[in-house]
Amino acid sequence: MGEVIVVTSGKGGVGKTTTTANVGTGLAMLGKKVVLIDTDIGLRNLDVVMGLENRIVYNLVDVIEGNCRIRNALIKDKRYPNLYLLPSAQTRDKNSVSPEQMKKLADELREEFDYILMDCPAGIEQGFKNAIAGADRALVVTTPEVSAVRDADRIIGLLEANDVSQIHLVVNRIRMDMVKRGDMMSSEDVCEILAIDLIGVVPDDENIVIATNQGEPLVGSDSLAGRAYMNICSRIEGEDVPFLDLNEKNGIFSKLFGKRKK
Amino acid sequence: MGLLDFFKKKGSGNIAKDRLKLVLVSDRANCSPEIMEQIKNDIIAVISKYIEIDQEGLDIKITQMESESNNGVVPALFANIPIKDLKSSKK
(Lines give C-alpha, C1' and ligand atoms only; values in the text may rest on other atoms or scores of the structure.)
Protein backbone atom coordinates (compact mmCIF):
# COMPACT_ATOMS: atom_id res chain seq x y z
CA MET A 1 0.00 0.00 0.00
CA GLY A 2 1.35 3.34 -1.03
CA GLU A 3 1.70 6.41 1.12
CA VAL A 4 -0.05 9.69 0.32
CA ILE A 5 2.07 12.76 1.07
CA VAL A 6 0.72 16.29 0.74
CA VAL A 7 3.15 19.16 0.14
CA THR A 8 1.62 22.30 1.60
CA SER A 9 2.55 25.70 3.03
CA GLY A 10 -0.33 28.12 3.41
CA LYS A 11 1.58 30.99 1.88
CA GLY A 12 2.20 31.04 -1.86
CA GLY A 13 5.59 31.19 -3.49
CA VAL A 14 7.59 29.41 -0.81
CA GLY A 15 8.46 26.41 -2.99
CA LYS A 16 5.68 23.81 -2.74
CA THR A 17 5.75 22.88 -6.41
CA THR A 18 9.55 22.82 -6.57
CA THR A 19 9.62 20.64 -3.48
CA THR A 20 6.99 18.27 -4.91
CA ALA A 21 8.89 17.96 -8.21
CA ASN A 22 12.24 17.33 -6.55
CA VAL A 23 11.10 15.04 -3.75
CA GLY A 24 8.95 13.05 -6.18
CA THR A 25 11.77 12.71 -8.69
CA GLY A 26 14.19 11.82 -5.89
CA LEU A 27 11.94 9.04 -4.61
CA ALA A 28 11.69 7.72 -8.17
CA MET A 29 15.50 7.77 -8.38
CA LEU A 30 15.53 5.63 -5.25
CA GLY A 31 13.54 3.07 -7.22
CA LYS A 32 10.07 3.85 -5.89
CA LYS A 33 6.97 4.04 -8.04
CA VAL A 34 5.76 7.60 -7.67
CA VAL A 35 2.86 9.70 -8.93
CA LEU A 36 2.76 13.48 -8.55
CA ILE A 37 -0.68 15.10 -8.48
CA ASP A 38 -1.08 18.79 -9.16
CA THR A 39 -4.14 19.76 -7.10
CA ASP A 40 -3.96 23.46 -7.90
CA ILE A 41 -6.97 23.55 -10.24
CA GLY A 42 -6.95 26.64 -12.42
CA LEU A 43 -3.30 27.46 -11.72
CA ARG A 44 -1.46 24.50 -13.15
CA ASN A 45 2.31 24.61 -12.59
CA LEU A 46 3.79 21.27 -11.67
CA ASP A 47 3.77 20.23 -15.34
CA VAL A 48 6.09 23.05 -16.40
CA VAL A 49 8.43 22.55 -13.43
CA MET A 50 8.68 18.87 -14.43
CA GLY A 51 9.09 19.79 -18.10
CA LEU A 52 6.07 17.70 -19.12
CA GLU A 53 3.72 20.50 -20.24
CA ASN A 54 3.62 19.34 -23.86
CA ARG A 55 2.32 15.89 -23.08
CA ILE A 56 -0.92 16.73 -21.34
CA VAL A 57 -4.04 15.14 -22.81
CA TYR A 58 -6.34 14.58 -19.84
CA ASN A 59 -6.20 16.10 -16.38
CA LEU A 60 -7.29 15.64 -12.76
CA VAL A 61 -10.83 16.92 -13.33
CA ASP A 62 -11.27 14.58 -16.32
CA VAL A 63 -10.36 11.66 -14.07
CA ILE A 64 -12.66 12.80 -11.27
CA GLU A 65 -15.56 13.34 -13.65
CA GLY A 66 -15.00 10.01 -15.34
CA ASN A 67 -14.15 11.39 -18.78
CA CYS A 68 -11.13 9.12 -18.91
CA ARG A 69 -9.43 6.38 -16.94
CA ILE A 70 -6.68 7.25 -14.48
CA ARG A 71 -4.06 5.51 -16.64
CA ASN A 72 -5.00 7.68 -19.64
CA ALA A 73 -4.41 10.88 -17.71
CA LEU A 74 -1.10 9.88 -16.12
CA ILE A 75 1.93 11.28 -17.93
CA LYS A 76 5.03 9.15 -17.81
CA ASP A 77 8.14 11.11 -16.93
CA LYS A 78 10.79 11.36 -19.65
CA ARG A 79 13.69 10.54 -17.30
CA TYR A 80 12.35 7.90 -14.91
CA PRO A 81 9.95 5.19 -16.08
CA ASN A 82 8.53 4.73 -12.56
CA LEU A 83 7.55 8.40 -12.20
CA TYR A 84 4.17 9.78 -13.30
CA LEU A 85 2.36 13.11 -13.24
CA LEU A 86 -1.36 13.73 -13.00
CA PRO A 87 -1.70 17.33 -14.17
CA SER A 88 -4.29 19.78 -12.96
CA ALA A 89 -7.03 21.34 -15.08
CA GLN A 90 -6.28 24.85 -16.22
CA THR A 91 -9.74 26.01 -17.22
CA ARG A 92 -11.78 24.84 -14.24
CA ASP A 93 -12.09 26.02 -10.66
CA LYS A 94 -11.40 24.43 -7.32
CA ASN A 95 -15.02 23.53 -6.68
CA SER A 96 -14.94 21.02 -9.56
CA VAL A 97 -13.50 18.52 -7.11
CA SER A 98 -14.53 17.52 -3.59
CA PRO A 99 -12.38 16.16 -0.73
CA GLU A 100 -14.28 12.85 -0.88
CA GLN A 101 -13.46 12.44 -4.56
CA MET A 102 -9.79 13.21 -3.93
CA LYS A 103 -9.65 10.68 -1.12
CA LYS A 104 -11.18 8.04 -3.37
CA LEU A 105 -8.67 8.82 -6.12
CA ALA A 106 -5.76 8.68 -3.67
CA ASP A 107 -6.95 5.33 -2.34
CA GLU A 108 -7.13 3.91 -5.86
CA LEU A 109 -3.60 5.09 -6.61
CA ARG A 110 -2.28 3.57 -3.38
CA GLU A 111 -2.80 0.15 -4.90
CA GLU A 112 -0.34 0.78 -7.67
CA PHE A 113 2.16 3.35 -6.38
CA ASP A 114 4.60 3.51 -3.47
CA TYR A 115 4.20 7.25 -3.08
CA ILE A 116 1.43 9.64 -4.10
CA LEU A 117 2.56 13.26 -3.77
CA MET A 118 -0.09 15.98 -3.70
CA ASP A 119 1.06 19.44 -4.68
CA CYS A 120 -1.28 21.66 -2.65
CA PRO A 121 -2.40 25.15 -3.73
CA ALA A 122 -1.73 28.16 -1.52
CA GLY A 123 -4.45 29.19 0.90
CA ILE A 124 -6.70 27.24 3.26
CA GLU A 125 -9.85 26.99 1.18
CA GLN A 126 -11.37 24.27 -0.99
CA GLY A 127 -8.14 23.47 -2.86
CA PHE A 128 -6.30 22.90 0.40
CA LYS A 129 -9.09 20.72 1.75
CA ASN A 130 -9.03 18.66 -1.46
CA ALA A 131 -5.27 18.18 -1.32
CA ILE A 132 -5.10 17.02 2.30
CA ALA A 133 -8.19 14.79 2.16
CA GLY A 134 -6.44 11.48 1.63
CA ALA A 135 -3.04 12.33 3.09
CA ASP A 136 -1.13 10.12 5.52
CA ARG A 137 1.74 12.53 5.83
CA ALA A 138 2.35 16.22 5.21
CA LEU A 139 5.47 18.10 4.23
CA VAL A 140 4.98 21.69 5.38
CA VAL A 141 7.23 23.98 3.34
CA THR A 142 8.19 27.36 4.72
CA THR A 143 10.84 30.00 4.21
CA PRO A 144 12.52 31.72 7.16
CA GLU A 145 10.23 34.77 6.98
CA VAL A 146 7.59 35.89 9.46
CA SER A 147 4.72 35.71 6.98
CA ALA A 148 5.55 32.23 5.72
CA VAL A 149 6.15 30.83 9.22
CA ARG A 150 2.92 32.32 10.51
CA ASP A 151 0.96 30.72 7.67
CA ALA A 152 2.77 27.43 8.21
CA ASP A 153 1.66 27.47 11.84
CA ARG A 154 -1.95 27.91 10.76
CA ILE A 155 -1.60 25.06 8.27
CA ILE A 156 -0.12 22.77 10.92
CA GLY A 157 -3.14 23.47 13.13
CA LEU A 158 -5.51 22.60 10.28
CA LEU A 159 -3.59 19.43 9.40
CA GLU A 160 -3.77 18.29 13.02
CA ALA A 161 -7.48 19.06 13.11
CA ASN A 162 -7.90 16.89 10.00
CA ASP A 163 -6.03 13.95 11.54
CA VAL A 164 -2.95 14.06 9.32
CA SER A 165 -0.74 12.19 11.76
CA GLN A 166 2.77 12.79 10.44
CA ILE A 167 3.67 16.42 9.83
CA HIS A 168 7.20 17.30 8.83
CA LEU A 169 8.86 20.64 8.19
CA VAL A 170 10.92 21.69 5.17
CA VAL A 171 12.71 25.00 5.64
CA ASN A 172 13.34 26.34 2.16
CA ARG A 173 15.57 29.11 0.83
CA ILE A 174 17.88 29.41 3.81
CA ARG A 175 20.74 31.84 3.26
CA MET A 176 23.54 30.87 5.58
CA ASP A 177 25.39 34.17 5.13
CA MET A 178 22.32 36.00 6.48
CA VAL A 179 21.76 33.48 9.27
CA LYS A 180 25.39 33.91 10.32
CA ARG A 181 25.13 37.65 10.66
CA GLY A 182 21.84 37.29 12.52
CA ASP A 183 19.60 38.71 9.82
CA MET A 184 17.68 35.55 9.07
CA MET A 185 16.03 32.97 11.30
CA SER A 186 17.88 29.67 11.24
CA SER A 187 16.16 26.36 10.51
CA GLU A 188 16.47 25.62 14.25
CA ASP A 189 14.65 28.87 15.06
CA VAL A 190 11.81 28.04 12.66
CA CYS A 191 11.63 24.48 13.94
CA GLU A 192 11.49 25.69 17.54
CA ILE A 193 8.65 28.11 16.77
CA LEU A 194 6.55 25.61 14.81
CA ALA A 195 7.31 22.69 17.13
CA ILE A 196 7.21 19.93 14.49
CA ASP A 197 9.96 17.61 13.26
CA LEU A 198 12.38 18.93 10.68
CA ILE A 199 12.79 16.73 7.61
CA GLY A 200 14.79 19.04 5.36
CA VAL A 201 16.67 22.30 5.03
CA VAL A 202 17.10 23.56 1.48
CA PRO A 203 19.48 26.45 0.79
CA ASP A 204 18.61 29.35 -1.45
CA ASP A 205 20.39 28.09 -4.55
CA GLU A 206 20.41 29.72 -7.97
CA ASN A 207 20.60 26.25 -9.48
CA ILE A 208 16.91 25.88 -8.57
CA VAL A 209 16.03 28.76 -10.87
CA ILE A 210 18.19 27.31 -13.64
CA ALA A 211 16.68 23.83 -13.21
CA THR A 212 13.13 25.21 -13.21
CA ASN A 213 13.90 27.24 -16.35
CA GLN A 214 14.89 24.01 -18.05
CA GLY A 215 12.03 21.93 -16.66
CA GLU A 216 14.47 19.55 -14.99
CA PRO A 217 14.28 18.80 -11.26
CA LEU A 218 17.76 19.19 -9.77
CA VAL A 219 17.49 16.51 -7.11
CA GLY A 220 20.44 14.19 -7.24
CA SER A 221 22.74 16.78 -8.77
CA ASP A 222 25.87 17.83 -6.94
CA SER A 223 24.44 21.25 -6.02
CA LEU A 224 23.68 21.88 -2.36
CA ALA A 225 19.94 22.14 -3.01
CA GLY A 226 20.01 18.95 -5.09
CA ARG A 227 21.67 17.08 -2.24
CA ALA A 228 19.30 18.62 0.31
CA TYR A 229 16.30 17.31 -1.66
CA MET A 230 17.83 13.86 -1.99
CA ASN A 231 18.34 13.78 1.77
CA ILE A 232 14.65 14.59 2.29
CA CYS A 233 13.79 11.58 0.10
CA SER A 234 16.05 9.31 2.14
CA ARG A 235 14.45 10.57 5.35
CA ILE A 236 10.97 9.90 3.94
CA GLU A 237 12.22 6.36 3.32
CA GLY A 238 13.05 6.17 7.00
CA GLU A 239 16.81 6.63 6.82
CA ASP A 240 18.55 8.68 9.46
CA VAL A 241 20.56 11.11 7.34
CA PRO A 242 22.54 13.93 8.98
CA PHE A 243 21.66 17.45 7.87
CA LEU A 244 23.98 19.05 5.31
CA ASP A 245 26.54 21.62 6.31
CA LEU A 246 25.13 24.46 4.27
CA ASN A 247 28.13 26.63 4.99
CA GLU A 248 30.48 24.75 2.78
CA LYS A 249 29.88 26.72 -0.40
CA ASN A 250 30.56 30.00 1.34
CA GLY A 251 34.06 29.09 2.47
CA ILE A 252 37.01 30.48 0.54
CA PHE A 253 38.49 27.01 0.28
CA SER A 254 35.46 25.40 -1.25
CA LYS A 255 35.13 28.34 -3.64
CA LEU A 256 38.71 27.79 -4.74
CA PHE A 257 38.55 24.04 -4.77
CA GLY A 258 34.82 23.55 -5.24
CA LYS A 259 35.23 22.18 -8.75
CA ARG A 260 37.57 19.49 -7.58
CA LYS A 261 34.90 17.87 -5.45
CA LYS A 262 33.00 16.66 -8.46
CA MET B 1 32.00 35.75 22.11
CA GLY B 2 30.85 39.01 23.58
CA LEU B 3 30.98 40.63 20.19
CA LEU B 4 29.07 37.75 18.63
CA ASP B 5 26.39 38.03 21.30
CA PHE B 6 26.12 41.71 20.62
CA PHE B 7 25.43 41.11 16.94
CA LYS B 8 23.08 38.24 17.66
CA LYS B 9 20.96 40.40 19.92
CA LYS B 10 20.73 43.14 17.34
CA GLY B 11 20.08 40.89 14.36
CA SER B 12 16.74 41.19 12.61
CA GLY B 13 16.47 37.40 12.69
CA ASN B 14 15.92 37.52 16.43
CA ILE B 15 13.44 40.36 16.05
CA ALA B 16 11.53 38.20 13.57
CA LYS B 17 11.59 35.26 15.97
CA ASP B 18 10.31 37.31 18.90
CA ARG B 19 7.56 38.92 16.84
CA LEU B 20 6.48 35.56 15.50
CA LYS B 21 6.33 34.01 18.95
CA LEU B 22 3.99 36.77 20.07
CA VAL B 23 1.74 36.76 17.03
CA LEU B 24 1.44 32.97 17.09
CA VAL B 25 0.32 32.97 20.71
CA SER B 26 -2.72 35.06 19.84
CA ASP B 27 -3.23 33.18 16.53
CA ARG B 28 -3.25 29.86 18.35
CA ALA B 29 -5.49 31.16 21.12
CA ASN B 30 -7.96 31.84 18.31
CA CYS B 31 -8.83 35.15 19.95
CA SER B 32 -10.34 37.56 17.46
CA PRO B 33 -9.87 41.34 17.81
CA GLU B 34 -13.62 41.60 18.55
CA ILE B 35 -13.34 39.25 21.52
CA MET B 36 -10.27 41.09 22.75
CA GLU B 37 -12.22 44.34 22.56
CA GLN B 38 -15.08 42.81 24.56
CA ILE B 39 -12.69 41.52 27.21
CA LYS B 40 -11.17 44.98 27.38
CA ASN B 41 -14.54 46.67 27.83
CA ASP B 42 -15.59 44.19 30.49
CA ILE B 43 -12.35 44.77 32.41
CA ILE B 44 -12.91 48.52 32.24
CA ALA B 45 -16.47 48.12 33.52
CA VAL B 46 -15.44 45.93 36.45
CA ILE B 47 -12.44 47.90 37.62
CA SER B 48 -14.17 51.27 37.16
CA LYS B 49 -16.55 50.27 39.93
CA TYR B 50 -13.70 50.58 42.39
CA ILE B 51 -10.94 52.70 40.87
CA GLU B 52 -10.88 55.49 38.32
CA ILE B 53 -8.73 54.18 35.47
CA ASP B 54 -7.34 55.69 32.30
CA GLN B 55 -9.55 53.99 29.73
CA GLU B 56 -7.57 55.31 26.77
CA GLY B 57 -4.29 54.04 28.19
CA LEU B 58 -5.61 50.56 28.94
CA ASP B 59 -3.87 47.88 26.93
CA ILE B 60 -4.49 44.16 26.94
CA LYS B 61 -2.79 41.47 24.89
CA ILE B 62 -2.18 37.77 24.85
CA THR B 63 1.47 36.97 25.36
CA GLN B 64 3.72 34.27 26.75
CA MET B 65 5.27 33.98 30.17
CA GLU B 66 7.30 31.51 32.17
CA SER B 67 5.03 29.29 34.19
CA GLU B 68 5.68 29.30 37.93
CA SER B 69 5.16 25.60 38.15
CA ASN B 70 7.63 23.99 35.75
CA ASN B 71 5.43 23.72 32.67
CA GLY B 72 7.73 26.03 30.72
CA VAL B 73 6.20 28.81 28.68
CA VAL B 74 2.43 29.31 28.88
CA PRO B 75 0.09 31.81 27.26
CA ALA B 76 -0.99 34.69 29.49
CA LEU B 77 -3.42 37.57 29.25
CA PHE B 78 -1.42 40.68 29.96
CA ALA B 79 -3.27 43.85 30.97
CA ASN B 80 -1.71 47.23 31.55
CA ILE B 81 -4.27 49.36 33.38
CA PRO B 82 -3.12 52.89 34.32
CA ILE B 83 -4.91 54.27 37.40
CA LYS B 84 -6.03 57.86 37.15
CA ASP B 85 -7.15 58.61 40.66
CA LEU B 86 -6.05 56.43 43.51
CA LYS B 87 -7.70 58.56 46.20
CA SER B 88 -11.20 57.63 45.22
CA SER B 89 -10.28 54.02 45.70
CA LYS B 90 -9.63 54.61 49.39
CA LYS B 91 -13.17 55.62 49.97
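A nonpolar core is a set of buried Ala, Val, Leu, Ile, Met, Phe, Trp, Tyr and Cys residues joined through C-beta atoms within 7 Å. The views below come from a predicted model.

**View 1. The largest nonpolar core has 87 residues.** In soluble globular proteins, nonpolar side chains tend to be buried together. Here, the members that touch the most others are A:Val35, A:Ile116, A:Leu117, A:Met118, A:Ile132 and A:Val140. Helix H11 of chain A, residues 224–236, gives the largest share of this core, 8 residues.

**View 2. A:Ile132 and its contacts.** Neighbours within four places in sequence are left aside. A:Ile132 then contacts A:Val6, A:Thr8, A:Cys120, A:Ala138, A:Leu159, A:Asn162 and A:Val164.

**View 3. Chain A holds an open sheet of 8 strands.** The strand order is E3-E4-E2-E5-E1-E6-E7-E8, with mixed pairing. Strands E3 (75–76) and E8 (197–203) of chain A are the edges, and each pairs on one side only.

**View 4. Strands E1 and E5 of chain A run parallel.** E1 spans residues 3–8, and E5 spans residues 115–119. They pair over 5 bridges. A:Val6 has A:Met118 of E5(A) as its bridge partner. Helix H1 of chain A (residues 16–29) packs on the sheet, and its direction makes about 170 degrees with that of E5(A).

**View 5. Helix H9 of chain A lies across E6, E7 and E8 of chain A.** Helix H9 covers residues 187–194 and runs at about 145 degrees to E7(A).

**View 6. Chain B meets chain A.** In this view, 15 residues of chain B contact 13 residues of chain A. On the chain B side, H2(B) gives the most, with 11 residues. That side divides into 5 nonpolar, 4 polar and 6 charged residues.

Terms used
Residues are numbered from 1 along each chain as its sequence is written. Chains are lettered from A and ligands numbered from 1 in the order in which they are written. This is a predicted model: local features need pLDDT of at least 70, side-chain atom pairs count only at pLDDT 80 or more; totals for chains, interfaces and linings use all residues. A residue is buried if 20 or more other C-beta atoms lie within 10 Å of its own, exposed if 12 or fewer, and partly exposed in between; C-beta atoms are placed from the backbone. Helices (H or I, at least four residues) and strands (E, at least two) are DSSP runs, numbered from the N terminus. Two residues are in contact if their C-beta atoms, placed from the backbone, lie within 7 Å. Ala, Val, Leu, Ile, Met, Phe, Trp, Tyr, Cys and Pro count as nonpolar, Asp, Glu, Lys and Arg as charged, and the others, Gly among them, as polar. Two strands pair if DSSP finds at least two bridges between them. Axes are lines fitted to C-alpha atoms, for helices over the stretch in contact, and angles run from 0 to 180 degrees between N-to-C directions.
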